[in-house]
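Let's take a walk through a protein model together. Have the sequence and the 3D view open, and find each spot as we get to it.

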Amino acid sequence: MSREKEKTITETGVSSIREIPGLNPGMAEKLEAAGYVSPWTLVVAKPEEVSEKTGIPLVTVQKIIENARRLLGIRFKTAKEVKQERMNIGKLTTGSKALDELLGGGIETKTITEFYGEYGSGKTQICHQLSVNVQLPPERGGLSGRAVYIDTEGTFRWERIEAMARALGLDPDVVMDNIYYIRAYNSDHQMSIVDELFSLIPKNNAKLVAIDSVTSHFRAEYPGREHLAERQQKLNAHLHQLLRLAEAYNIAVVVTNQVMARPDVFYGDPTTAVGGHVLAHVPGVRVHLKKARGNKRVARVVDAPHLPEGEAVFAITEEGIRDAEE
Ligand code: GTP
Ligand code: MG
(Lines give C-alpha, C1' and ligand atoms only; values in the text may rest on other atoms or scores of the structure.)
(Ligands and ions follow the chains in the order given, each with its own letter.)
Protein backbone atom coordinates (compact mmCIF):
# COMPACT_ATOMS: atom_id res chain seq x y z
CA MET A 1 0.00 0.00 0.00
CA SER A 2 1.21 3.46 -0.80
CA ARG A 3 2.13 5.93 1.92
CA GLU A 4 -0.75 8.06 0.72
CA LYS A 5 -3.31 5.36 1.48
CA GLU A 6 -1.77 4.59 4.84
CA LYS A 7 -2.65 8.07 5.92
CA THR A 8 -6.38 7.39 5.99
CA ILE A 9 -6.80 8.54 9.58
CA THR A 10 -4.88 11.65 8.89
CA GLU A 11 -6.26 12.60 5.52
CA THR A 12 -5.98 16.18 6.59
CA GLY A 13 -2.46 15.67 7.88
CA VAL A 14 -3.62 15.93 11.49
CA SER A 15 -2.70 12.97 13.64
CA SER A 16 -2.52 14.06 17.27
CA ILE A 17 -5.31 15.33 19.47
CA ARG A 18 -2.79 17.82 20.79
CA GLU A 19 -3.35 19.82 17.63
CA ILE A 20 -6.96 20.52 18.60
CA PRO A 21 -7.23 24.23 19.41
CA GLY A 22 -7.89 25.05 23.05
CA LEU A 23 -7.00 21.59 24.35
CA ASN A 24 -4.68 21.80 27.36
CA PRO A 25 -2.07 19.09 28.03
CA GLY A 26 -3.92 17.82 31.11
CA MET A 27 -7.06 17.14 29.12
CA ALA A 28 -5.05 15.68 26.25
CA GLU A 29 -3.48 13.22 28.66
CA LYS A 30 -6.86 12.14 30.05
CA LEU A 31 -8.23 11.68 26.53
CA GLU A 32 -5.23 9.68 25.37
CA ALA A 33 -5.38 7.47 28.45
CA ALA A 34 -9.00 6.68 27.56
CA GLY A 35 -7.99 5.70 24.03
CA TYR A 36 -8.88 8.92 22.19
CA VAL A 37 -5.53 9.26 20.51
CA SER A 38 -6.42 11.00 17.28
CA PRO A 39 -8.92 13.75 16.43
CA TRP A 40 -10.80 11.15 14.38
CA THR A 41 -11.47 8.97 17.39
CA LEU A 42 -13.02 12.01 19.05
CA VAL A 43 -15.25 13.21 16.25
CA VAL A 44 -16.84 9.79 15.91
CA ALA A 45 -17.27 9.34 19.67
CA LYS A 46 -20.36 10.02 21.77
CA PRO A 47 -19.71 13.11 23.94
CA GLU A 48 -21.42 11.48 26.94
CA GLU A 49 -19.14 8.46 26.68
CA VAL A 50 -16.00 10.58 26.36
CA SER A 51 -17.03 12.59 29.39
CA GLU A 52 -17.72 9.45 31.40
CA LYS A 53 -14.43 7.81 30.49
CA THR A 54 -12.24 10.86 31.06
CA GLY A 55 -13.99 12.77 33.81
CA ILE A 56 -13.92 15.89 31.63
CA PRO A 57 -17.22 17.83 31.94
CA LEU A 58 -19.69 17.20 29.11
CA VAL A 59 -19.84 20.82 27.91
CA THR A 60 -16.07 20.91 27.65
CA VAL A 61 -16.07 17.63 25.73
CA GLN A 62 -18.66 19.00 23.31
CA LYS A 63 -16.47 22.04 22.73
CA ILE A 64 -13.40 19.85 22.15
CA ILE A 65 -15.27 17.68 19.66
CA GLU A 66 -16.52 20.76 17.82
CA ASN A 67 -12.95 22.04 17.54
CA ALA A 68 -11.75 18.63 16.40
CA ARG A 69 -14.40 18.66 13.65
CA ARG A 70 -13.30 22.06 12.52
CA LEU A 71 -9.66 20.99 12.57
CA LEU A 72 -10.44 18.00 10.36
CA GLY A 73 -12.58 20.06 8.02
CA ILE A 74 -15.76 18.06 8.63
CA ARG A 75 -18.38 20.04 6.81
CA PHE A 76 -20.76 19.86 3.87
CA LYS A 77 -19.18 18.07 0.96
CA THR A 78 -19.93 17.96 -2.70
CA ALA A 79 -21.20 14.73 -4.20
CA LYS A 80 -17.89 14.41 -5.96
CA GLU A 81 -16.04 14.48 -2.68
CA VAL A 82 -18.40 11.83 -1.35
CA LYS A 83 -17.59 9.73 -4.41
CA GLN A 84 -13.90 10.10 -3.70
CA GLU A 85 -14.40 8.99 -0.11
CA ARG A 86 -16.40 5.97 -1.21
CA MET A 87 -13.57 5.02 -3.51
CA ASN A 88 -11.35 5.08 -0.46
CA ILE A 89 -13.20 2.06 0.91
CA GLY A 90 -11.02 -1.01 0.69
CA LYS A 91 -12.15 -4.50 -0.28
CA LEU A 92 -10.66 -7.63 1.15
CA THR A 93 -10.91 -10.94 -0.66
CA THR A 94 -12.28 -14.00 1.14
CA GLY A 95 -10.37 -16.38 -1.10
CA SER A 96 -13.53 -17.34 -2.98
CA LYS A 97 -14.54 -15.33 -6.03
CA ALA A 98 -18.16 -16.40 -5.63
CA LEU A 99 -18.26 -15.20 -2.02
CA ASP A 100 -16.47 -11.96 -2.93
CA GLU A 101 -19.03 -11.29 -5.64
CA LEU A 102 -21.89 -11.90 -3.22
CA LEU A 103 -20.32 -9.27 -0.95
CA GLY A 104 -20.03 -6.76 -3.77
CA GLY A 105 -16.32 -7.34 -4.39
CA GLY A 106 -15.12 -8.53 -0.98
CA ILE A 107 -15.30 -7.60 2.69
CA GLU A 108 -15.49 -3.82 2.93
CA THR A 109 -13.56 -1.53 5.21
CA LYS A 110 -15.34 1.11 7.32
CA THR A 111 -18.05 -1.38 8.20
CA ILE A 112 -18.72 -4.50 10.29
CA THR A 113 -19.32 -7.82 8.57
CA GLU A 114 -21.00 -10.51 10.63
CA PHE A 115 -20.73 -14.18 9.71
CA TYR A 116 -23.32 -16.21 11.52
CA GLY A 117 -24.21 -19.86 11.30
CA GLU A 118 -24.20 -23.16 13.10
CA TYR A 119 -21.13 -25.09 14.31
CA GLY A 120 -18.80 -26.15 11.54
CA SER A 121 -20.25 -23.66 9.05
CA GLY A 122 -16.83 -22.08 8.48
CA LYS A 123 -16.81 -18.96 10.64
CA THR A 124 -13.44 -19.64 12.25
CA GLN A 125 -11.85 -20.72 8.96
CA ILE A 126 -12.96 -17.46 7.34
CA CYS A 127 -11.38 -15.43 10.18
CA HIS A 128 -8.10 -17.31 9.71
CA GLN A 129 -8.20 -16.81 5.96
CA LEU A 130 -8.93 -13.08 6.19
CA SER A 131 -6.05 -12.60 8.65
CA VAL A 132 -3.75 -13.95 5.96
CA ASN A 133 -5.43 -12.30 2.96
CA VAL A 134 -5.39 -8.81 4.49
CA GLN A 135 -1.60 -8.88 4.17
CA LEU A 136 -1.74 -9.31 0.41
CA PRO A 137 -1.25 -6.25 -1.81
CA PRO A 138 -4.41 -4.68 -3.27
CA GLU A 139 -3.75 -6.23 -6.68
CA ARG A 140 -4.15 -9.63 -5.05
CA GLY A 141 -7.23 -8.66 -3.09
CA GLY A 142 -5.57 -7.62 0.15
CA LEU A 143 -5.14 -4.35 2.04
CA SER A 144 -1.37 -4.52 2.65
CA GLY A 145 -2.02 -4.43 6.36
CA ARG A 146 -1.71 -6.44 9.52
CA ALA A 147 -4.47 -8.35 11.31
CA VAL A 148 -5.78 -8.31 14.86
CA TYR A 149 -7.33 -11.60 15.92
CA ILE A 150 -9.49 -11.63 19.04
CA ASP A 151 -10.22 -15.20 20.07
CA THR A 152 -12.92 -15.84 22.66
CA GLU A 153 -13.22 -19.59 22.25
CA GLY A 154 -9.61 -20.73 21.99
CA THR A 155 -10.02 -22.07 18.46
CA PHE A 156 -7.20 -20.12 16.79
CA ARG A 157 -4.66 -22.45 15.10
CA TRP A 158 -1.33 -21.09 13.94
CA GLU A 159 -0.85 -24.26 11.90
CA ARG A 160 -3.81 -23.22 9.79
CA ILE A 161 -2.32 -19.76 9.24
CA GLU A 162 0.92 -21.39 8.14
CA ALA A 163 -0.85 -23.64 5.66
CA MET A 164 -2.94 -20.79 4.25
CA ALA A 165 0.10 -18.54 3.90
CA ARG A 166 2.06 -21.26 2.09
CA ALA A 167 -0.84 -21.90 -0.25
CA LEU A 168 -0.66 -18.24 -1.31
CA GLY A 169 3.11 -18.38 -1.81
CA LEU A 170 3.74 -16.15 1.21
CA ASP A 171 6.43 -16.64 3.87
CA PRO A 172 4.54 -18.22 6.79
CA ASP A 173 6.84 -16.65 9.41
CA VAL A 174 6.28 -13.17 8.04
CA VAL A 175 2.54 -13.75 7.84
CA MET A 176 2.39 -14.99 11.43
CA ASP A 177 4.45 -12.02 12.61
CA ASN A 178 1.80 -9.76 11.17
CA ILE A 179 -1.12 -11.21 13.11
CA TYR A 180 -1.67 -9.80 16.59
CA TYR A 181 -3.46 -12.48 18.54
CA ILE A 182 -5.22 -12.05 21.85
CA ARG A 183 -7.47 -14.31 23.84
CA ALA A 184 -10.40 -12.44 25.41
CA TYR A 185 -11.40 -13.98 28.73
CA ASN A 186 -14.74 -12.30 29.36
CA SER A 187 -16.96 -9.64 27.85
CA ASP A 188 -15.40 -6.77 29.83
CA HIS A 189 -11.96 -7.88 28.72
CA GLN A 190 -13.21 -8.11 25.15
CA MET A 191 -14.50 -4.54 25.29
CA SER A 192 -11.34 -3.17 26.87
CA ILE A 193 -9.27 -4.82 24.12
CA VAL A 194 -11.22 -2.82 21.56
CA ASP A 195 -10.52 0.35 23.56
CA GLU A 196 -6.83 -0.45 23.28
CA LEU A 197 -7.11 -0.96 19.55
CA PHE A 198 -7.77 2.75 19.04
CA SER A 199 -4.07 3.27 19.68
CA LEU A 200 -2.66 -0.07 18.49
CA ILE A 201 -4.21 -0.01 15.03
CA PRO A 202 -2.83 3.25 13.66
CA LYS A 203 0.62 2.51 15.10
CA ASN A 204 0.82 -0.89 13.47
CA ASN A 205 -1.03 -0.43 10.19
CA ALA A 206 -3.62 -3.06 11.06
CA LYS A 207 -6.35 -3.28 8.43
CA LEU A 208 -8.48 -6.07 9.85
CA VAL A 209 -9.96 -6.85 13.24
CA ALA A 210 -11.52 -10.32 13.51
CA ILE A 211 -13.50 -11.35 16.60
CA ASP A 212 -14.28 -15.04 16.82
CA SER A 213 -16.85 -15.13 18.32
CA VAL A 214 -18.25 -11.76 19.26
CA THR A 215 -21.19 -13.23 21.15
CA SER A 216 -20.00 -16.22 23.21
CA HIS A 217 -18.97 -14.35 26.37
CA PHE A 218 -22.06 -12.18 26.31
CA ARG A 219 -24.27 -15.25 25.97
CA ALA A 220 -22.51 -17.06 28.81
CA GLU A 221 -22.56 -14.06 31.15
CA TYR A 222 -26.13 -12.98 30.47
CA PRO A 223 -27.99 -16.24 30.11
CA GLY A 224 -31.67 -16.76 29.53
CA ARG A 225 -34.53 -14.51 28.64
CA GLU A 226 -34.35 -12.51 31.84
CA HIS A 227 -30.96 -11.10 30.80
CA LEU A 228 -31.72 -10.69 27.12
CA ALA A 229 -32.25 -6.92 27.19
CA GLU A 230 -29.12 -6.27 29.24
CA ARG A 231 -27.05 -8.57 27.04
CA GLN A 232 -28.21 -6.93 23.83
CA GLN A 233 -27.55 -3.49 25.28
CA LYS A 234 -23.95 -4.37 26.16
CA LEU A 235 -23.43 -6.09 22.85
CA ASN A 236 -24.78 -3.06 20.99
CA ALA A 237 -22.37 -0.78 22.82
CA HIS A 238 -19.54 -3.14 21.88
CA LEU A 239 -20.60 -3.25 18.23
CA HIS A 240 -20.90 0.53 18.04
CA GLN A 241 -17.41 0.80 19.48
CA LEU A 242 -16.23 -1.57 16.72
CA LEU A 243 -18.03 0.42 14.05
CA ARG A 244 -16.31 3.59 15.20
CA LEU A 245 -13.01 1.76 14.99
CA ALA A 246 -13.79 0.65 11.43
CA GLU A 247 -14.75 4.16 10.36
CA ALA A 248 -11.98 6.00 12.14
CA TYR A 249 -9.18 3.92 10.65
CA ASN A 250 -10.73 2.66 7.41
CA ILE A 251 -10.34 -0.97 8.46
CA ALA A 252 -12.42 -4.12 8.02
CA VAL A 253 -14.09 -5.50 11.14
CA VAL A 254 -15.29 -9.08 10.94
CA VAL A 255 -17.26 -10.74 13.72
CA THR A 256 -18.68 -14.23 14.05
CA ASN A 257 -21.75 -15.45 15.84
CA GLN A 258 -22.81 -19.03 16.37
CA VAL A 259 -26.50 -19.69 15.97
CA MET A 260 -28.24 -22.99 16.33
CA ALA A 261 -30.14 -24.57 13.51
CA ARG A 262 -33.71 -25.43 14.39
CA PRO A 263 -34.80 -28.52 12.54
CA ASP A 264 -38.30 -28.03 13.93
CA VAL A 265 -38.79 -24.79 12.02
CA PHE A 266 -39.98 -25.48 8.49
CA TYR A 267 -40.88 -22.06 7.21
CA GLY A 268 -38.59 -19.13 6.63
CA ASP A 269 -35.01 -19.18 7.79
CA PRO A 270 -34.50 -21.92 10.34
CA THR A 271 -31.40 -20.34 11.87
CA THR A 272 -32.55 -16.82 12.63
CA ALA A 273 -35.06 -18.26 15.06
CA VAL A 274 -32.55 -18.96 17.83
CA GLY A 275 -30.08 -16.24 18.69
CA GLY A 276 -30.34 -14.59 15.31
CA HIS A 277 -27.81 -12.15 14.01
CA VAL A 278 -26.57 -9.54 16.42
CA LEU A 279 -26.12 -6.64 14.07
CA ALA A 280 -29.82 -5.81 13.97
CA HIS A 281 -29.27 -2.36 15.44
CA VAL A 282 -25.87 -1.61 13.98
CA PRO A 283 -25.20 -0.82 10.33
CA GLY A 284 -23.21 -3.56 8.69
CA VAL A 285 -23.30 -6.61 6.47
CA ARG A 286 -24.77 -9.86 7.76
CA VAL A 287 -23.80 -13.12 6.12
CA HIS A 288 -25.51 -16.38 6.95
CA LEU A 289 -23.42 -19.53 6.49
CA LYS A 290 -24.93 -22.95 5.98
CA LYS A 291 -23.30 -26.36 5.73
CA ALA A 292 -23.71 -28.20 2.46
CA ARG A 293 -22.30 -31.45 1.13
CA GLY A 294 -18.72 -32.30 2.08
CA ASN A 295 -16.51 -29.26 2.32
CA LYS A 296 -19.04 -26.99 0.63
CA ARG A 297 -20.72 -24.10 2.38
CA VAL A 298 -23.51 -21.77 1.26
CA ALA A 299 -23.42 -18.06 2.10
CA ARG A 300 -26.36 -15.71 1.91
CA VAL A 301 -26.37 -11.98 2.59
CA VAL A 302 -29.24 -10.90 4.81
CA ASP A 303 -30.93 -7.47 4.95
CA ALA A 304 -28.55 -5.70 2.57
CA PRO A 305 -30.49 -3.52 0.16
CA HIS A 306 -27.27 -2.40 -1.57
CA LEU A 307 -26.17 -5.95 -2.40
CA PRO A 308 -27.75 -8.29 -4.92
CA GLU A 309 -29.85 -11.09 -3.48
CA GLY A 310 -28.65 -14.61 -3.88
CA GLU A 311 -26.32 -17.22 -2.55
CA ALA A 312 -22.71 -18.14 -3.03
CA VAL A 313 -21.22 -21.59 -2.68
CA PHE A 314 -17.63 -21.85 -1.47
CA ALA A 315 -15.40 -24.62 -0.11
CA ILE A 316 -13.14 -25.09 2.90
CA THR A 317 -10.08 -26.82 1.48
CA GLU A 318 -6.60 -27.74 2.73
CA GLU A 319 -5.42 -24.42 1.22
CA GLY A 320 -8.18 -22.47 2.90
CA ILE A 321 -11.33 -20.76 1.64
CA ARG A 322 -11.73 -21.28 -2.11
CA ASP A 323 -14.38 -21.48 -4.80
CA ALA A 324 -16.22 -24.81 -4.77
CA GLU A 325 -15.42 -27.08 -7.67
CA GLU A 326 -18.46 -28.01 -9.70
P1 GTP B 1 -18.13 -23.22 15.53
O2 GTP B 1 -17.02 -22.36 16.01
O3 GTP B 1 -18.14 -24.54 16.19
O4 GTP B 1 -19.46 -22.54 15.60
O5 GTP B 1 -17.88 -23.56 13.97
P6 GTP B 1 -17.26 -22.63 12.83
O7 GTP B 1 -18.36 -22.04 12.04
O8 GTP B 1 -16.24 -21.74 13.37
O9 GTP B 1 -16.59 -23.73 11.91
P10 GTP B 1 -15.07 -23.79 11.43
O11 GTP B 1 -14.66 -22.56 10.75
O12 GTP B 1 -14.26 -24.27 12.56
O13 GTP B 1 -15.22 -24.87 10.29
C14 GTP B 1 -14.99 -26.14 10.57
C15 GTP B 1 -14.84 -26.86 9.26
O16 GTP B 1 -13.70 -26.41 8.55
C17 GTP B 1 -14.61 -28.29 9.59
O18 GTP B 1 -15.84 -28.96 9.55
C19 GTP B 1 -13.70 -28.73 8.51
O20 GTP B 1 -14.48 -29.22 7.45
C21 GTP B 1 -13.02 -27.49 8.03
N22 GTP B 1 -11.61 -27.43 8.47
C23 GTP B 1 -11.14 -27.02 9.65
N24 GTP B 1 -9.80 -27.17 9.71
C25 GTP B 1 -9.42 -27.68 8.54
C26 GTP B 1 -8.18 -28.06 7.98
O27 GTP B 1 -7.12 -27.95 8.61
N28 GTP B 1 -8.19 -28.56 6.73
C29 GTP B 1 -9.34 -28.69 6.01
N30 GTP B 1 -9.29 -29.16 4.76
N31 GTP B 1 -10.53 -28.34 6.50
C32 GTP B 1 -10.58 -27.85 7.75
MG1 MG C 1 -15.50 -21.39 15.28
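Where in the chain is the place of Gln-135? Look in the loop between α8 and β4 (146-151), and you'll find Gln-135 there. Keep in mind as you look that this is a predicted model.

**A loop residue under cover**

Is Gln-135 buried or exposed? Gln-135 has 15% relative accessibility, and buried means under 20%, so Gln-135 counts as buried.

Now step back to α8, which covers residues 123-133. How many of its residues are buried? The count is eleven of eleven, so α8 is mostly covered. Among the buried residues of α8 are Lys-123, Thr-124 and Gln-125, and those names are about to come back.

**Around ligand 1**

Next, find ligand 1. Which of the 15 residues around it come nearest? They are Gly-120, Lys-123, Thr-124, Gln-125 and Gln-258. Two elements, α8 and β10 (311-317), each give at least two residues to the shell around ligand 1. The largest share comes from α8, with three residues.

What kinds of residues make up this shell? Sorted by class, there are two nonpolar, seven polar and six charged residues.

Zoom in on the oxygen atoms of ligand 1 and you can pick out some contacts. Gly-122 has a backbone N or O atom 3.0 Å from one of the ligand's oxygen atoms. For Gln-125, a backbone N or O atom lies 2.8 Å from an oxygen atom of ligand 1. Arg-160 does it with its side chain: a polar atom there is 3.3 Å from an oxygen atom of ligand 1. As for cover, ligand 1 on its own has 660 Å² of accessible area, and the protein covers 66% of that.

**Rings and a charge**

Time for the aromatic side chains. How many aromatic pairs does the count come to? It comes to four. Ring pairs also join Tyr-149, Phe-156 and Tyr-181 into a cluster. In general, you describe a pair of aromatic rings with the distance of the centres and the angle of the planes.

There's another ring to visit, at Tyr-119. What sits over it? That's the charged end of Lys-291, 3.6 Å from the centre of the ring.

The distances run from C-alpha to C-alpha.

| Pair | Apart in sequence | Apart in space |
|---|---|---|
| Tyr-116 and Val-259 | 143 residues | 6.5 Å |
| Tyr-222 and Gln-232 | ten residues | 9.2 Å |

Tyr-116 is part of strand β3, residues 111-117. With a relative accessible area of 0%, Tyr-116 is buried. Lys-91 belongs to strand β1, residues 91-92. Lys-91 has 35% relative accessibility, so it counts as partly exposed. Tyr-222 is in the loop between α12 and α13 (228-249). Its relative accessible area is 11%, and Tyr-222 is therefore buried.

Finish with the backbone itself. Which peptide bond is cis, with omega near -5 degrees? It's the bond from Asp-212 to Ser-213. You'll find Ser-213 in the loop between β6 (206-212) and α12 (216-221).

Lys-110 has a phi near 65 degrees, which is positive even though Lys-110 isn't a glycine. Lys-110 lies in the loop between β2 (107-108) and β3, and at 24% relative accessible area it is partly exposed. Asn-205 isn't a glycine either, and its phi is positive too, at about 50 degrees. Asn-205 is in the loop between α11 (187-204) and β6.

Methods. Residues are numbered from 1 along each chain as its sequence is written. Chains are lettered from A and ligands numbered from 1 in the order in which they are written. This is a predicted model: local features need pLDDT of at least 70, side-chain atom pairs count only at pLDDT 80 or more; totals for chains, interfaces and linings use all residues. Side-chain values use heavy atoms; hydrogens and water are left out. A residue is near a molecule or strand if one of its heavy atoms lies within 4 Å of it. A polar contact is a pair of N or O atoms within 3.5 Å; within protein, one must be able to donate a hydrogen and the other to accept it, and residues adjacent in sequence count only if both atoms are side-chain atoms. Accessible areas come from the Shrake-Rupley method with a 1.4 Å probe; for residues, only the protein chains shown count as cover. Helices (H or I, at least four residues) and strands (E, at least two) are DSSP runs, numbered from the N terminus. Ala, Val, Leu, Ile, Met, Phe, Trp, Tyr, Cys and Pro count as nonpolar, Asp, Glu, Lys and Arg as charged, and the others, Gly among them, as polar. Rings of Phe, Tyr and Trp (its six-membered ring) pair if their centres lie within 6.5 Å; planes under 30 degrees apart count as stacked, over 60 as edge-to-face and the rest as tilted. A charge sits over a ring if NZ of Lys or CZ of Arg is within 6 Å of the ring centre and within 35 degrees of the ring normal. Buried means under 20% relative accessible area, exposed over 50%, partly exposed in between (1.4 Å probe, protein chains only).
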